[in-house]
Amino acid sequence: MTFRNRFTELAGVEHPIMQGGMQWVGTAGLVAAVANAGALGMLTALTQPTPEALMREIARCREMTDRPFGVNLTILPTLTPPPYAEYRDAIIENGIGIVETAGHRPAEHVEHFRRCGVRVIHKCTSVRHALSAERMGVDAVSIDGFECAGHPGEDDVPGLVLIPIAADALSIPVIASGGIADGRGLVAALALGATAVNMGTRFCATREAPIHDRFKRALVDADERDTDLIFRSYRNTARVARNAVSRAVRAIEAEGRPFDDVANLVKGSRGREGLASGNLDHGIWTAGMVQGLIRDIPTVAELVSRIMAQARTLAAARIAEILQ
Ligand SMILES: Cc1cc2nc3c(=O)[nH]c(=O)nc-3n(C[C@H](O)[C@H](O)[C@H](O)COP(=O)(O)O)c2cc1C
């Protein structure tokens, strides 16, 4: 039994599973492992310090896999934006056929990618943004529910509600994102009308993820309550693993203080240093509620084949059982 559908056709992959962009984590080793496992991996453009470094990372990934993979371009509301157009051109010129866009005002980039024949999956957190991405001409949307790691938006609608509403409202394929770790999540997402799942946190707890083992163990040890929502008061909510820094940020926000007062605590370089050194409390690091479902640190190939095997069993045997 295969799960071929509009997503697998669009992405040119075997399984309806995608690994979303992950700052500091979405590098060539992990992405090639995802591609070799038959799923869609995404390099994270902004993890590379320059567009030239991104080109080298694309080449490095191609040395490890001959299967398709994509690149995530996350457009952040920062005061000093990175050279997005140059990253975008690096993606196009290096023959990447599919991208995941995320973040603020993607229209300019989406139009450019489309003109150059690159397929676009836009990630968003609400049905209204998904509809506007559809009008923009994207090929698919992935929708992050409130459970997700990273930026869940400000509406707080979980996937169980968000995904079927999006699937009803849109004609392009919908990819369910947030809170998925196993075959149960995949079958549930398909039942809700999605064509595939997008996972982040679960892929962090794999052997190939380029982060210190202590973070992987922390994901295994944590439960579903061990995340914090930070930046709520700045209307840029982020779900991160609960640690000393996330607690400090929440305390500062509770006092009504401005972003400048947390900026030093949350800067990207601290998060990156922590992930590399294994210091769990050095900076903030992104993780979703789904950590409650993570119990081991398999290879990516083991993870993907386990998810597919469980999904097959569920879709066939269990549903027949339920229907008796
Ligand atoms: C460590 C980490 C870093 C992430 N960084 C990004 C990013 O830079 N851009 C982006 O669009 N999404 C980012 N995400 C979100 C994921 O792509 C995905 O949407 C999310 O993890 C799905 O929720 P889940 O973790 O419950 O599977 C990140 C997630 C994690 C776990």
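I started at Gly179, where a backbone N or O atom lies 2.8 Å from an oxygen atom of the ligand. The model I am reading is predicted. I then asked how much of the ligand the protein covers: taken alone the ligand exposes 600 Å², and the protein buries 92% of that. Next I looked up which elements give two or more residues to the shell around the ligand, and found strand E3 (70-75), strand E8 (196-199) and helix H9 (201-204).

I listed the surroundings as well. The ligand is surrounded by 22 residues, and I noted the closest as Gly21, Thr74, Lys123, Gly179 and Thr201. By type, the shell holds eight nonpolar, twelve polar and two charged residues.

For Thr74 I read 2.8 Å from a polar side-chain atom to a nitrogen atom of the ligand. For Lys123 I read 2.7 Å from a polar side-chain atom to an oxygen atom of the ligand.

**Entry 2, the sheet**

I traced the strand order next. Eight strands form an open sheet with parallel pairing, in the order E1-E8-E7-E6-E5-E4-E3-E2. Strand E1 (17-19) and strand E2 (42-44) are at the edges; each has a single partner strand, so one side of each has no neighbour in the sheet. I noted an average twist of 25 degrees from one strand to the next.

I reminded myself that strands of a sheet pair through backbone hydrogen bonds, either parallel or antiparallel.

I came back to E3, which gives residues to the ligand shell. E3 pairs with strand E4 (residues 98-103) in the parallel sense, over five bridges. Within this pairing I found Leu73 opposite Thr101 in E4.

What lies across E3 and E4? I found helix H4 (residues 84-93) there, running at about 170 degrees to E3.

I went through the phi values last. Most residues other than glycine have a negative phi, so I wrote down the exceptions that I came across.

Trp24 is not a glycine, yet its phi is positive, at about 75 degrees. I placed Trp24 in the loop between E1 and helix H2 (28-36).

Arg235, also not a glycine, has a positive phi of about 55 degrees. I placed Arg235 in the loop between strand E9 (227-230) and strand E10 (238-241).

Notes: Residues are numbered from 1 along each chain as its sequence is written. This is a predicted model: local features need pLDDT of at least 70, side-chain atom pairs count only at pLDDT 80 or more; totals for chains, interfaces and linings use all residues. Side-chain values use heavy atoms; hydrogens and water are left out. A residue is near a molecule or strand if one of its heavy atoms lies within 4 Å of it. A polar contact is a pair of N or O atoms within 3.5 Å; within protein, one must be able to donate a hydrogen and the other to accept it, and residues adjacent in sequence count only if both atoms are side-chain atoms. Accessible areas come from the Shrake-Rupley method with a 1.4 Å probe; for residues, only the protein chains shown count as cover. Helices (H or I, at least four residues) and strands (E, at least two) are DSSP runs, numbered from the N terminus. Ala, Val, Leu, Ile, Met, Phe, Trp, Tyr, Cys and Pro count as nonpolar, Asp, Glu, Lys and Arg as charged, and the others, Gly among them, as polar. Two strands pair if DSSP finds at least two bridges between them. Axes are lines fitted to C-alpha atoms, for helices over the stretch in contact, and angles run from 0 to 180 degrees between N-to-C directions. Contact means heavy atoms within 4.5 Å.
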